[in-house]
2 protein chains.
Amino acid sequence: MLITQKNQYALRAVYELARHRGRGLLKSADIAHAQAIPRRFVEVILSQLTRSGYVTSKRGQGGGYALVPPPDGLTVADILHSMNGSRRPFHCIACVSRCRCDFDDGCAFSPMWARIGQAIDDIYRETTLLDLMENETDLASPEAESAGGQGAAREDMSR
Amino acid sequence: MLITQKNQYALRAVYELARHRGRGLLKSADIAHAQAIPRRFVEVILSQLTRSGYVTSKRGQGGGYALVPPPDGLTVADILHSMNGSRRPFHCIACVSRCRCDFDDGCAFSPMWARIGQAIDDIYRETTLLDLMENETDLASPEAESAGGQGAAREDMSR
DNA sequence: CCTTTCTTGACTATGAGAGTCGGGAATTGT
DNA sequence: ACAATTCCCGACTCTCATAGTCAAGAAAGG
């Protein structure tokens, strides 16, 4: 698998918050419903995101969650990193989960794994929440056909 | 995880066969030993590879396995596809293993997943066994420092 | 205080992946 | 023939990360 279900839920949840930004708080139940995520599970995920600082929360009646940074200042990479601790979405790259590469440095494959890891990370890093929202806009209006420039690399990463 | 342990073993086993090409048959036990793969497990993998046609086998004394295509005519993609049936290493891309995307076509994320899938597949397709063997050569002779051109895309894919 | 809603940690379940095992079928040598 | 070797095959077990649940509690507001 390329990415865990949980991480995907996290992306969807943040995406839902991004769409709702500026219109008050969003309850976990609503997020769960909108993005087809199990209710109790989305709470686990959201509280994890809250701890990262990208999301704020408020308890009690009228409470809920909100996205902190503007959608164009938040990347997919940011979210995935915050979900997976300091280790990247694919730590060793070559050696899968229980990383224990018997040929680590000298492995003939490691340049390839490195290239792949880099390629994935580049895409994660250059994809902002705003980009994703624009995808949806494109989907809604099916007349725009020029799909050539989809998600072109942007230079001004603020980090 | 990016790739299963089994698929990695398959790559390593084929790599070992590539290194030995032209020098007769290689026993499964030797492959297992050289690449630190459990003995019985490498047999499972090799017989799967044999069925794909990239590897031939011969039983009995003096038997073993050999790689059929020349190392420069066999890509990582070929091997992975033969291991994973017709479906690609990451079928749905977005939806992980038990693919069941609730938002399939209209998903705001699908362009990103497609880009990532494409990027990975490109690398798998352009990396031949010969490329991997040359990596090892580079590792063995540490004076060559120009790492810039590593794995440059090659045009003449014979497919 | 009563309802709502987030918070937390512990808990259980599931399934893909990893690896094993026993016995059988070629092939070769003596 | 017989024995040694080596691949072949299907069924089997085991483990562990992931997925998802649950119960009780703490803030917030009315």
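A residue counts as buried at under 20% relative accessible area, as exposed at over 50%, and as partly exposed in between, using a 1.4 Å probe and protein chains only. By that rule, 43% of the 159 residues of chain A are buried. This is a predicted model, in which local features need pLDDT of at least 70, side-chain atom pairs count only at pLDDT 80 or more, and totals for chains, interfaces and linings use all residues. Residues are numbered from 1 along each chain as its sequence is written, chains are lettered from A and ligands numbered from 1 in the order in which they are written, and side-chain values use heavy atoms, with hydrogens and water left out.

**Chain A overall**

- Chain A has six helices and two strands. These are DSSP runs numbered from the N terminus: helices are H or I with at least four residues, strands are E with at least two.
- Along the sequence the pattern reads α-α-α-β-β-α-α-α.
- Among contacts in chain A with a separation of 6 or more, 67% join residues 24 or more positions apart. A contact means heavy atoms within 4.5 Å.
- The accessible surface of chain A is about 8,600 Å², and carbon and sulfur atoms hold 49% of it. Areas come from the Shrake-Rupley method with a 1.4 Å probe; for residues, only the protein chains shown count as cover.

- Helix H5 of chain A covers residues 110-126, and its end C-alpha atoms are 24 Å apart.
- Buried residues in H5(A) include Trp113(A), Ile116(A), Asp121(A) and Glu126(A).
- Asn84(A) sits in the loop between helix H4 (76-83) and H5 of chain A.
- Asn84(A) is buried, at 12% relative accessible area.
- The side chains of Asn84(A) and Asn7(A) make a polar contact at 3.2 Å. Such a contact is a pair of N or O atoms within 3.5 Å; within protein, one must be able to donate a hydrogen and the other to accept it, and residues adjacent in sequence count only if both atoms are side-chain atoms.

**DNA strand D**

- 23 residues surround DNA strand D, and Gln5(A), Arg40(A), Lys58(A), Ser28(B) and Ser57(B) are the closest. Near means a heavy atom within 4 Å.
- A polar side-chain atom of Tyr65(B) lies 3.0 Å from a phosphate oxygen of DNA strand D.
- For Glu43(B), a polar side-chain atom is 3.3 Å from a base nitrogen of DNA strand D.

Notes:
Expected span 1.5 Å × (residues − 1).
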